[in-house]
Amino acid sequence: MNTHSHTLQAAAARYKSARNPVTLTGAGISVECGIPDFRSPGGLWSQFAPEEYGTLSVFLSDPAKAWKLYRALEQTIAGKKPGPAHFALAELESRGKLAGVITQNIDCLHTAAGSQNVLEVHGEYQHLHCLTCGDLRPVRPSDREEEIPTCQKCDFPLKPNVVLFEEWVRKMDHVEELMENTDLMLVIGTSAQVFPVAELPHRIIEKGGTIIEFNVESTLLTPAAEFCFQGEAGHTVPLFARELLGG
Ligand code: NAD
């Protein structure tokens, strides 16, 4: 597991022969941008236990708790900029070499980097959603002053547009379209443990396709990946993109 040039060349050669390559990203791609993952010691989950703050039932019974978690989340994410790995993926897509990005991240950094076909399966942090009337609107500065912002139309507490535990993941129809048409997935900065997204790389492998993994450490997926580039995504992903695009 390294980024030696012959391995990069072999991975790039495989990529060039693949059908409509796609990418799956997770929290690790944004760590170098200043957004820590939630699982590490001191991460958000150690301050706000998901079962106590991050479920749909909690939002419905005690929205103030879910809002506490969201406020901490927003503080962590707001103002952060995409990193070299996000830009490298946007460039691959703009050069017609990447069909889309499936992301578990809610930080909107892929879109900020210029990626177009971004499937945010766990939602995003920049909008609020009314579960009663379906209204979806951008977060406003005044939302930071109210304890729980409510819907102007029906007065129901607004829910941050992020997927809570017990909620369905989003965009799975589009994800399925990408999955049907590809035989290669770049898996970047994810422990690949959160279902149903975690099963996507395994489906590629089952149909004889290729996984190219980028992570700082080994994961449960590593033994099944054809290529693994160990190191920070901000280094390894642009290196791979340069090998692919030449120059
Ligand atoms: P995870 O925390 O389970 O795994 C993160 C992975 O990234 C780990 O395998 C880690 O080794 C790797 N990693 C850490 N730093 C890296 C780096 N610099 N370069 C490459 N890899 C690196 O994250 P997950 O698999 O995305 O699942 C966690 C859930 O939490 C997701 O559902 C996601 O929605 C949410 N989350 C989102 C954000 C965000 O939007 N930026 C941040 C934290 C958590």
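Let's start with P196, which sits in the loop between strand 7 and helix 10 (200-206); helices here are DSSP runs of H or I with at least four residues, strands are runs of E with at least two, and both are numbered from the N terminus. The peptide bond leading from F195 into P196 is cis, with omega near 10 degrees. A quick word on what we are looking at: this is a predicted model, where local features need pLDDT of at least 70, side-chain atom pairs count only at pLDDT 80 or more, and totals for chains, interfaces and linings use all residues. Residues are numbered from 1 along each chain as its sequence is written, and side-chain values use heavy atoms, with hydrogens and water left out.

Is A192 buried or exposed? Buried means under 20% relative accessible area, exposed over 50%, and partly exposed in between, with a 1.4 Å probe and protein chains only. At 13%, A192 counts as buried.

C108 is not a glycine either, yet its phi is positive, about 65 degrees. You'll find C108 in the loop between strand 2 (100-103) and helix 8 (109-113), and C108 is buried, at 10% relative accessible area.

Now, the strands. Strand 7 (residues 184-188) and strand 8 run parallel, joined by five bridges; two strands pair if DSSP finds at least two bridges between them. Strand 8 itself covers residues 210-215, and six of its six residues are buried. In general, side chains in a regular strand alternate between the two faces of the sheet. In strand 8, T210, I212 and F214 point one way, while I211, E213 and N215 point the other.

Over in strand 1 (residues 22-25) we have L24, which is buried at 1% relative accessible area. Which residues does L24 touch, leaving aside neighbours within four places in sequence? Taking contact as heavy atoms within 4.5 Å, the partners of L24 include I102, Q104, M185, L186, V187 and I188.

K159 is in strand 6 (residues 159-162) and, at 1% relative accessibility, counts as buried. Beyond four places in sequence, K159 is in contact with residues including L56, F59, H127, H129 and E167.

On to the ligand. How many residues surround the ligand? There are 27, and the closest are R39, Q104, T190, S191 and N215; a residue is near a molecule if one of its heavy atoms lies within 4 Å of it. That shell divides into ten nonpolar, eleven polar and six charged residues. Its largest share, three residues, comes from helix 2 (residues 28-31).

For polar contacts, meaning pairs of N or O atoms within 3.5 Å, here are some examples. An N or O atom in the side chain of H122 is 2.7 Å from a ligand oxygen. A backbone N or O atom of I106 lies 2.8 Å from an oxygen atom of the ligand, and for a backbone N or O atom of G28 the distance is 3.5 Å. Taken alone the ligand exposes 860 Å², and the protein buries 93% of that, with areas from the Shrake-Rupley method and a 1.4 Å probe.

How values were computed: Polar contact = N/O pair within 3.5 Å; in protein donor to acceptor, adjacent residues only side chain to side chain. Nonpolar A, V, L, I, M, F, W, Y, C, P; charged D, E, K, R; others polar.
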